[in-house]
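Subject: Structure handover: salt bridges

Hi,

Here is the model we talked about. Please have a look at it before you read my notes below.

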Amino acid sequence: MTTPTSLRSLYRSLLRELPARPMLANPRPPLHQRLHDNFNTTAIALPNADLAAAQAAQLVQYLRAQRQYTTLIERYNPGMGMDEEERVRLSARRVGMDMPAEYGPGEKE
């Protein structure tokens, strides 16, 4: 049997794993509203409330794992969001060289 305390904890865990929303947004986003409504109806004691709570707990674990995965990808692949020119420049800097200045067709040296 799921207790209201465990449901409240599960609800808060889900909200923690979702993307942050601005504090000044008065109406709740649709996803937050739907979660709120589902947890309220589950607290009223649906026949499959335990199953719904178990599925929500699995969802929390999945969202936490996805967040950690994204953090690790960003940490260990820092050049992933860079263009090719910037990546080459930073690679040259890593080995102690600077890229030569590129001159256009009408520029003086």
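R64 is partly exposed, with a relative accessible area of 31%. Please keep in mind that this is a predicted model.

The side chain of R64 meets that of E17 in a salt bridge, at 3.3 Å from N to O. E17 lies in helix 1 (residues 4–17) and R64 in helix 3 (residues 49–76), so this pair ties together parts that are 47 residues apart in sequence. E17 counts as buried, because its relative accessibility is 12% and the cut-off for buried is under 20%. The pair also belongs to a network: salt bridges link E17, R64 and R67.

How many salt bridges does the structure hold? The count is 5. Two others are worth a look.

**E84 and R87**
- Their side chains meet in a salt bridge, 3.4 Å from N to O.
- Both residues sit in helix 4 (residues 84–94). They are 3 residues apart, so about one helical turn separates them.
- E84 counts as exposed, at 52% relative accessibility.
- R87 counts as partly exposed, at 33%.

**R93 and D98**
- R93 forms a salt bridge with D98. The closest N and O atoms are 3.4 Å apart.
- Are these two residues buried or exposed? R93 is exposed, and D98 is exposed too.

When you open the model, start with E17 and R64, the pair that joins helix 1 to helix 3. Then go to helix 4 for E84 and R87.

Best wishes

Notes
Residues are numbered from 1 along each chain as its sequence is written. This is a predicted model: local features need pLDDT of at least 70, side-chain atom pairs count only at pLDDT 80 or more; totals for chains, interfaces and linings use all residues. Side-chain values use heavy atoms; hydrogens and water are left out. A salt bridge is a side-chain nitrogen of Lys or Arg within 4 Å of a carboxyl oxygen of Asp or Glu. Helices (H or I, at least four residues) and strands (E, at least two) are DSSP runs, numbered from the N terminus. Buried means under 20% relative accessible area, exposed over 50%, partly exposed in between (1.4 Å probe, protein chains only).
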